[in-house]
Amino acid sequence: MNYHLPVSVVRAATAAALLASIAVTALCASSHQASAADPYPSRRITFVVPYPAGGATDVLARLLANKLQESWKQTVLIENKSGGGGVVGNDYVAKAQPDGHTVLIAITQIIQAPSLVGKLPYEVFKDLAPVTQIALSTIVLVVPEQQPINSVKELVDYAKANPGKPYGTFGNATTSHLYGELLKKTANIDMTHVPYRGSAPLTNDLLANTVNSAFQDLTTASAQIKAGKLRALAVGGEKRRAALPDVPTMGELGYPGFEIEGWLGVFVPAATPKEIVKKLSDELARIIASPEGVAGIETLSLVPVGGSAEAFEKVLRRDYEKWADVVKATGVKGE
């Protein structure tokens with residue numbers, strides 16, 4: 001999900017965050033006085049976003065930071081540490097002081113990367129501790145309105161009759177790319193992969209009919225689908241999405257492996273005391289489940305999750321194995 005959102009989405013999400021935190025400025029004028037029995041948080045908290053400002057991960061981090069700041073009466077800052085497809089920011093938090101004051105807002109890449117690249121400067125399960133799963137990020141298979149394709153079957157038939165036609169992704173070795181290669185393998189079709197540097201340029205070329213199809217994130221594609229500029233053929237995940245109730249899942253159509261999907265989650269350094277992890281997890285889960293949290297997350301066309309650190313760890317271990325299987329089956333390699 002290393003992409004930049006449409007201006008309208010950023011404005012809407014930013015407005016939601018501002019409305020949810022009108023009183024924050026006054027509250028942050030004085031520092032939080034922690035008691036000896038409950039010292040956390042005792043100073044400013046930093047949310048590290050391993051991608052540039054303006055993307056969905058960044059906007060979501062700011063929504064959570066505003067609400068946490070309001071709740072705990074403690075300053076929560078956003079620090080964008082982009083680079084290496086998320087590796088730079090992930091590594092920074094993995095090596096940070098394990099006191100709960102440096103927090104990572106990560107995406108599925110963190111659990112996909114070990115299978116995609118030869119060596120990472122950190123180990124996910126050794127150096128980072130899960131806190132809570134924020135939301136699911138839906139991937140939708142779309143075609144431009146100019147294409148006379150109205151179903152996955154028609155897309156597969158078209159690809160078989162016209163081998164080598166281009167399909168786009170929002171980056172090499174991303175969920176978008178893995179989905180695309182998985183479709184090629186399961187449907188036994190030949191399409192040429194065209195990677196883009198994010199979802200925004202991919203959308204531009206879809207609208208221009210430069211690429212015939214793409215597995216795009218719903219956060220970016222939603223507005224163009226509503227406008228009729230992109231046609232949604234199917235979604236990833238185990239269930240249909242409320243935003244696209246008439247669009248089937250890939251599994252419904254007989255294509256296995258697409259049940260696994262993208263998400264956003266919170267991590268801290270592995271040595272962080274369990275009581276701090278639990279306190280942060282409980283509060284963020286409460287924020288995510290609150291009316292304001294749900295509204296802000298759904299503004300980004302994401303599906304709120306929340307839950308405990310233990311529940312998120314189960315997801316991580318399950319997804320680690322599943323993505324490893326997809327990587328092995330498709331032969332996708334990271335950069």
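Start by selecting strand 1 (residues 45–49) and strand 2, which pair in the parallel sense over five bridges. Strands here are DSSP runs of E with at least two residues, helices are runs of H or I with at least four residues, and both are numbered from the N terminus. Two strands pair if DSSP finds at least two bridges between them. Now click on Ile45: its bridge partner in strand 2 is Val76.

Before going on, a word about the model. It is predicted, so local features need pLDDT of at least 70 and side-chain atom pairs count only at pLDDT 80 or more, while totals for chains, interfaces and linings use all residues. Residues are numbered from 1 along each chain as its sequence is written, and side-chain values use heavy atoms, with hydrogens and water left out.

Axes are lines fitted to C-alpha atoms, for helices over the stretch in contact, and angles run from 0 to 180 degrees between N-to-C directions.

Select strand 4 (residues 128–137). Is strand 4 buried or exposed? Ten of its ten residues are buried, so strand 4 is largely enclosed by the rest of the structure. Buried means under 20% relative accessible area, exposed over 50%, and partly exposed in between (1.4 Å probe, protein chains only). Strand 4 pairs in the antiparallel sense with strand 10 (residues 262–269) over eight bridges, and there Gln133 has Gly265 as its bridge partner. With strand 11 (residues 302–306), strand 4 forms four bridges, again antiparallel; look for Leu136 opposite Val303.

Move on to the open sheet of five strands, ordered 7-6-8-5-9 with mixed pairing. Here strand 7 (191–195) and strand 9 (230–235) are the edge strands, each with a single partner, so one side of each has no neighbour in the sheet. Zoom in on strand 5 (residues 139–144) and strand 8 (residues 213–217), which run antiparallel and are joined by four bridges. Val142 stands opposite Ala214 in strand 8. Helix 10 (residues 218–226) packs on this sheet, touching strand 5, strand 8 and strand 9.

**The cores**

Which residues have the most contacts inside the largest nonpolar core? They are Ile110, Val140, Leu183, Ile225, Met250, Trp263 and Phe267, in a core of 64 residues. A nonpolar core is a set of buried Ala, Val, Leu, Ile, Met, Phe, Trp, Tyr and Cys residues joined through side-chain atoms within 4.5 Å. Helix 13 (residues 309–330) gives the most to this core, with six residues.

Select Ile225: leaving aside neighbours within four places in sequence, its contacts (heavy atoms within 4.5 Å) include Val140, Leu230 and Leu244. Finish at a second, separate core of 34 residues, which includes Val59, Ala61, Leu68 and Ile134.
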